[in-house]
Amino acid sequence: MGGAGALLRPAALKLNQRRDITSWLAQWFPQTPAKSVVALKTPIKVELVAGKTYRWCVCGHSKKQPFCDGSHFFKRTGLSPLKFKARETRMVALCTCKATQKPPYCDGTHRSERVQKAEVGSPL
């Protein structure tokens with residue numbers, strides 16, 4: 001006794017729907033590991049305010065470097081910004097080459113030959 005529900009959800013239709021959902025998700029969440037692109041080749045100095053939460057751009061596409069403007073979502077990078085809270089009010093150098101080992105802070109990696117030879121907007 002399949003009833004009306006069996007007529008509305010045959011196995012083949014269910015499989016096709018799953019493929020459609022999978023292909024739609026793949027557009028927004030690619031399976032290949034996402035890579036950041038070089039936004040700039042020098043850090044940006046900013047004053048962080050104690051207790052304030054910031055979103056540092058990880059993808060490199062933001063027009064408001066070094067902070068996120070949502071470009072990662074619209075460009076479907078699969079990356080998300082790094083959310084952090086300032087512990088104290090102070091001037092800091094935030095990375096814009098996106099290759100730092102101490103995100104979001106600059107660690108001098110932008111001086112490396114690898115970063116200096118890379119084109120702005122290209123992945124490392």
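These legends walk you through several close-up views of one predicted model.

Local features here need pLDDT of at least 70 and side-chain atom pairs count only at pLDDT 80 or more, while totals for chains, interfaces and linings use all residues. Residues are numbered from 1 along each chain as its sequence is written, and side-chain values use heavy atoms, with hydrogens and water left out.

View 1. Residues 41-76 are 11% helix and 25% strand, with end C-alpha atoms 23 Å apart. For residues 79-116 the figures are 11% helix and 24% strand, again with 23 Å between the end C-alpha atoms. Helices (H or I, at least four residues) and strands (E, at least two) are DSSP runs, numbered from the N terminus.

View 2. Look for S71 in helix α3, residues 71-74. S71 counts as buried because its relative accessibility is 12% (buried is under 20% relative accessible area, exposed over 50%, partly exposed in between, with a 1.4 Å probe and protein chains only). Its side chain meets that of D69 in a polar contact of 2.6 Å (a pair of N or O atoms within 3.5 Å; within protein, one must be able to donate a hydrogen and the other to accept it, and residues adjacent in sequence count only if both atoms are side-chain atoms). Leaving aside residues up to four places away in sequence, S71 touches H61, S62 and K63, where contact means heavy atoms within 4.5 Å.

**View 3. A39 in its loop.** A39 sits in the loop between α2 (11-28) and β1 (44-48) and is buried, at 10% relative accessible area. Beyond residues up to four places away in sequence, A39 touches G60, Q65, T96, K98 and V120. A39 and S62 are 23 residues apart in sequence, and their C-alpha atoms are 8.0 Å apart in space.

**View 4. An aromatic cluster.** Y54, F67, F84 and Y105 form one aromatic cluster. The structure holds three aromatic pairs (rings of Phe, Tyr and Trp, its six-membered ring, with centres within 6.5 Å; planes under 30 degrees apart are stacked, over 60 edge-to-face, the rest tilted). One of them, F84 with Y105, is edge-to-face, at 6.1 Å centre to centre and 65° between the planes. F84 lies in strand β3 (residues 82-85) and Y105 in the loop between β4 and α4, so this pair ties together parts 21 residues apart in sequence.
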